[in-house]
Amino acid sequence: MTTQRRLAAILACDVVGYSRLTERDERGTLERLKIYRKDLLEPLVSEHQGRIVKLTGDGMLCEFASVVNAVTSAMAIQQALAEHEAETPEEERIRFRIGVNLSDVVCEEDGDLYGDGVNIAARLESIADPGTVVVSGTAYDHLQGKLDYGFTPLGDLRLKNIARPVRAYRVETDASASVAALPPLPEKPSIAVLPFTNMSGDPDQEYFADGLVEDIITGLSRVNSFFVIARNSSFTYKGRAVDLRQVGRELGVRYVLEGSIRRAGSRVRISGAVGGRDQRTPCLGRPLRGRRERHLRPAGQGDRERRRRRRAEHPAGGDQAGAHEAYRLHQRLRPLPSRAAALLQHDARRLCRRAPAHQRGAQHRP
């Protein structure tokens, strides 16, 4: 048998957090994974006329002659695994993420597969959320009207070591779960600033955290080459655990900034990280510490006396006094947000320089 080319549906699958699971219980994790391969993966792949090309440690690569069979098999695997792991504690659960691509591939004499089609399936698997299936645009185009699943568009993704953007969709068990296409990216470099997390353990510091974010939004808005999402939109994510990539897709921006503040005595530490809408966008974290850590000088004797009088006059008014203190702290730290915004602008410009040429040129358009 010689090397052949053929059109095939490629399914790539691996275990989420495999290193963490084996660190907690290496023997138990390996035994459970072997059982699932024998009792779930192999039968479900075979049932849908597929073949396992190879096992890759915690994952596997499969080939199907039909993309419909590949996606049906992938969803059956996810459902069966979820049922078997339902009684397992959350931190110990084995969960798969799966990517499916339809493409021309090269088949070697030993049955192994190579080519961009295989690489794209593996990259789609790497961006899939735990327990989900992500398919390429070519696979999606051949699935229309053939399955009772919904498809959520993820946009044109830039995947590692793949030169061209890849259109991708997440498969939903409910056909009615399909959503409209993602909003297009603005021509300018675009960013959303999410509410910062208050790490101080003091609820009164929420005032300062929100004021800090508002100042960063205002500072970035003054840069003509940026498109900045308004406060009202970004603050809808306050108090929620979010995926920065998903936020970027929902708001139609390429970059998303998140951060935290922590106050310890007379010092405030601010940390920020920039994440991307797609997989190829780098994530940059820059803690504002050292020279960027603002020291609050002790207030004068007059300030201390005024605070004592307020406490004496409002013994039960802790919330009001805390709000006043938070606002006073915000006013004294107003120079700090502008410095943070300057650092973030610097990071954003670096991101723009790393972008493809046609995207870099976009920021200079009117």
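What percentage of the 366 residues of the chain count as buried? The figure is 46%. This is a predicted model.

## Overall build

The chain holds 12 helices and 15 strands. Its exposed surface comes to about 19000 Å². Carbon and sulfur atoms supply 48% of that area.

Take the contacts between residues at least 6 apart in sequence. Of these, 70% join residues at least 24 apart.

In soluble globular proteins, nonpolar side chains tend to be buried together. Here the largest nonpolar core has 37 residues. Those with the most contacts inside it are L11, V67, V71, F96, I98, V100 and V135. Helices and strands both contribute two or more residues: the helices are α2 (26-47), α3 (67-85) and α5 (137-141), and the strands are β1 (4-15), β3 (59-64), β4 (96-107), β6 (133-136) and β8 (166-172). The most comes from α3, which gives nine residues.

Leaving aside residues up to four places away in sequence, V135 touches V71, V100, L124, Y140, F151, R167, A168, Y169 and V171. V71 and V100 are also on the list of residues with the most contacts inside the core. A second core, of 20 residues, is separate. Its members include V213, L220, F235 and V268.

## The α2 and α3 pair

Two packed helices are described by the angle between their axes and the distance between the axes. For α2 and α3, the axes come within 10 Å and cross at roughly 145°. The crossing is right-handed.

On the α2 side, the contact is made by R32, Y36, L40, L41, L44 and V45. On the α3 side, S73, A76, I77, A80, L81, H84 and E85 take part. An α-helix has 3.6 residues a turn, so residues three or four places apart point the same way. Y36, L40 and L44 are among the α2 residues in this contact. A76, A80 and H84 are among their α3 partners.

## R170, a buried arginine

R170 sits in strand β8. Is R170 buried or exposed? R170 is buried, because its relative accessible area is 15%, and the cut-off for buried is under 20%. The R170 side chain makes a polar contact with the side chain of E172, at 3.0 Å.

Other contacts reach further along the chain. Not counting residues up to four places away in sequence, R170 touches D129, T132, V133, V134, G150, F151, T152, L154 and Q246.

## D110, an exposed aspartate

D110 lies in the loop between β4 and β5 (113-114). Why does D110 count as exposed? Its relative accessibility is 63%, and exposed means over 50%.

A polar atom of the D110 side chain lies 3.0 Å from the backbone nitrogen of D112. D110 and V53 are 57 residues apart along the chain, yet their C-alpha atoms are separated by 9.6 Å.

## Helix α8

Helix α8 (residues 244-251) is mostly covered. How many of its eight residues are buried? Six are: L244, R245, V247, G248, R249 and L251.

These buried residues pack against both helices and strands. The helices are α4 (116-127) and α7 (231-234). The strands are β7 (150-157), β9 (190-193), β12 (255-264) and β13 (267-276). Just after α8 comes G252, with a positive phi of about 75°.

How values were computed
Residues numbered from 1 in each chain as written. Predicted model: local features only at pLDDT ≥ 70, side-chain atom pairs only at ≥ 80, totals over all residues. Heavy atoms only, no water. Helix = DSSP H or I, 4+ residues; strand = E, 2+ residues; numbered from the N terminus. Buried < 20%, exposed > 50% of the residue type's maximum accessible area, 1.4 Å probe, protein only. Contact = heavy atoms within 4.5 Å. Areas by Shrake-Rupley, 256 points an atom, 1.4 Å probe, with all protein chains shown as cover. Core = buried A, V, L, I, M, F, W, Y, C linked by side-chain atoms within 4.5 Å. Polar contact = N/O pair within 3.5 Å; in protein donor to acceptor, adjacent residues only side chain to side chain. Axes fitted to C-alpha atoms, helices over the stretch in contact; angles between N-to-C directions. Left-handed = near helix turned anticlockwise from the far one by under 90°.
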